[in-house]
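Please read the points below beside the sequence and the model. They are notes for a colleague who has not seen this structure before.

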Amino acid sequence: NVECLSRENVNELISDTISLPRHLTKSLSDIVYKKTSGNALFLTQFLLSLWDEGLLLFSLDSNKWQWDANAIEAKDIPDDVGMLMSEKILQLPVECQYTIKLLACVGAKCDESILMLFMGERKDIQEPEEQRAKKRSKKEMESTNHFSMLEFAVDEGLLKKEGSDYKFAHDQIQHAAYSLIPENNKGHLHNYIGNMILKHAPDNKLDDVLFIMVDQLNRGKMHIEEEDKRMQLALLNLRAGEKAMSLATFLISASYLKAGIGLLRKNHWEKHYCLSLELYSLYAEAEYCNGNFQEVGHATGVVIKKAKSFEDKNRIFATLIKSLAGQNKMQDAMYIGFTVLTKLGVHCTSSPPDKSVIMKDIMEVKMILAKTTEAELTNFREMKDKNMITAMKFLPILSLYAYHAKQQYLLILIVHMVQLTLRHGICKESCYGMASFSFLLCQFEYFEEADHIGRLAVFLLDKCKAEKYRPGIYMLYYGVVRSWNVHIEQNLEYLLRGYHVGMQTGNIEAALFTIYSYLINSFTCGR
């Protein structure tokens with residue numbers, strides 16, 4: 001962004017541009033400054049318009065630049081730079097105007113590989129420069145293809161070519177080009193662009209243009225009436241929302257998912273059940289990551305009411321539990337969590353369990369895992385029971401909240417995770433259960449066994465590629481367990497990595513706890 005130029009700067013600019021001493025250009029610069037107020041874009045475009053209209057020209061007789069001060073003084077100019085840009089665009093060939101408007105629909109810039117999907121083949125792009133130069137008269141430009149028009153716009157100073165990108169020289173130029181499209185035509189153009197990208201993009205490249213394509217189709221959705229096309233766009237919004245979630249852009253993800261929900265008809269739960277369930281469930285997760293708990297409550301309420309089975313509700317229950325905890329409603333979160341676990345076959349009571357029974361279970365599990373090697377752990381069978389796999393997804397969530405608000409339940413939740421692993425096999429959550437158990441053993445000063453089991457947890461984490469649980473496991477092992485055996489400074493890089501992974505995967509609570517552990521340990525060791 002360039003600030004407005006002073007009167008002296010304007011005179012210096014004009015003097016340098018037309019190679020005349022400043023005292024000779026002052027009469028011109030004073031008029032230009034008065035009309036443009038020193039706005040850099042306005043000023044340069046105003047000078048170009050003077051040249052286009054013959055009010056500023058180079059005299060071969062005197063061999064210097066001349067201008068008609070009275071005519072320039074009397075020249076009417078738009079009230080703002082946008083109007084000036086609009087007038088300049090309207091002076092271009094009709095085909096060039098249309099091409100610039102198409103580009104303006106996409107945004108401030110666009111890669112030529114994407115432009116080719118909706119502007120047609122760029123047949124002249126491989127021609128030598130001298131051959132393309134012969135086509136640049138205004139008369140011939142009206143009949144050449146879109147890409148030649150883009151090159152023409154580059155020559156006119158409206159666009160820039162940077163690598164494979166065509167971009168507007170200034171955002172005001174894009175706004176001006178877009179404003180020239182009649183309101184009732186904008187939706188049609190967006191719809192056309194989106195459909196052309198969808199039609200011509202290769203299947204293996206569709207993900208690369210997904211956001212641009214879905215954005216265009218969404219902006220033209222008012223012109224989509226056919227049921228199958230609306231459902232196709234809803235599915236594309238789901239796909240875009242999933243991709244945005246994977247990139248940790250949760251606001252963008254929520255906007256796609258909400259747009260997808262908005263495309264559904266009144267009877268969508270009957271006709272498009274799976275799509276509806278996916279859209280609402282993922283939308284709730286995205287809004288939870290955004291801290292928009294009101295929207296989470298609305299989406300979870302819809303799914304709980306409309307879902308056909310308890311199994312279909314499990315994902316939304318997990319989001320609801322995290323949302324309630326985020327609002328410091330721990331009692332409600334734990335109650336729902338225990339209710340879900342009980343229905344899945346993992347017995348949990350609302351009253352604190354007997355500690356002597358739990359201690360017996362802890363000692364039994366400790367004896368087994370303390371003797372287990374990495375090679376033996378690799379030979380553990382994979383967990384197959386769907387209910388147990390689902391229960392294992394809830395237990396890490398509840399154990400985290402129990403540690404911070406309901407510690408009387410912490411021991412039994414951790415023991416359940418490890419016992420289910422030993423009885424039913426390995427799943428991604430098993431590594432978190434082992435890390436939690438190693439943390440638990442530190443409370444009873446079994447530091448050697450705790451470190452061994454913690455290392456098993458990290459080994460299993462890498463083996464299962466359970467990135468979602470990396471921040472929590474790193475917090476437990478490198479933030480606590482390993483600190484009993486090595487200097488805490490050696491653990492800091494792992495904690496920082498865990499934080500970054502958590503933010504990228506949407507495991508925000510664990511990420512924040514991990515960075516908290518990093519800061520405390522950094523302070524403790526004087527970093």
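1. Basis. The model is predicted, so local features need pLDDT of at least 70 and side-chain atom pairs count only at pLDDT 80 or more, while totals for chains, interfaces and linings use all residues. Residues are numbered from 1 along each chain as its sequence is written, and side-chain values use heavy atoms, with hydrogens and water left out.

2. Ser15. S15 is found in helix 1, residues 7-18; helices are DSSP runs of H or I with at least four residues, numbered from the N terminus. With a relative accessible area of 6%, S15 is buried (buried means under 20%, exposed over 50%, partly exposed in between, with a 1.4 Å probe and protein chains only). Leaving aside residues up to four places away in sequence, S15 touches L20, P21, R22 and T25, where contact means heavy atoms within 4.5 Å.

3. Largest pocket. Its volume is about 750 Å³. Of the 33 residues in its lining, E285, K322, I397, K468 and Y469 are the closest to the centre. A pocket here is an open set of points on a 1 Å grid over the protein atoms alone, where a 1.4 Å probe fits, with protein on both sides within 12 Å along at least five of seven lines; lining residues have an atom within 4 Å of a point. The volume is the space filled by probe spheres set on the points, which are joined across faces, edges and corners.

4. Lining of the largest pocket. Helix 17 (273-289), helix 19 (310-326), helix 23 (386-405), helix 27 (470-477) and helix 29 (508-524) each supply at least two residues. Helix 23 gives the largest share, 7 residues. By class the lining has 16 nonpolar, 7 polar and 10 charged residues (nonpolar: Ala, Val, Leu, Ile, Met, Phe, Trp, Tyr, Cys and Pro; charged: Asp, Glu, Lys and Arg; polar: the others, Gly among them).

5. Second largest pocket. This one holds about 390 Å³ of space. Its lining has 19 residues, and Y403, F439, M475, L476 and V480 lie nearest the centre. Two or more lining residues come from each of helix 23, helix 24 (410-424), helix 25 (430-443), helix 27 and helix 29. The largest share, 5 residues, is that of helix 29. The classes are 12 nonpolar, 7 polar and no charged.

6. A stacked pair. There are 13 aromatic pairs, counted where ring centres of Phe, Tyr or Trp (its six-membered ring) lie within 6.5 Å; planes under 30 degrees apart are stacked, over 60 edge-to-face and the rest tilted. F447 and W484 are stacked because their ring centres are 4.2 Å apart and their planes at 25°. The pair links distant parts of the chain, 37 residues apart: F447 is in helix 26 (residues 447-464), and W484 is in the loop between helix 27 and helix 28 (492-505). F447 is partly exposed at 22% relative accessibility, and W484 is exposed at 52%.

7. Tyrosines. The rings of Y474 and Y478, with centres 4.9 Å apart and planes at 85°, form an edge-to-face pair. Y474 is buried at 3% relative accessible area, and Y478 is buried at 8%. Ring pairs link Y474, Y477, Y478 and Y494 into a cluster.

8. Charges over rings. K308 lies over the face of Y273, 4.4 Å from the ring centre. The charged end of K366 sits over the ring of Y446, at 4.6 Å from its centre. The rule asks for NZ of Lys or CZ of Arg within 6 Å of the ring centre and within 35 degrees of the ring normal.
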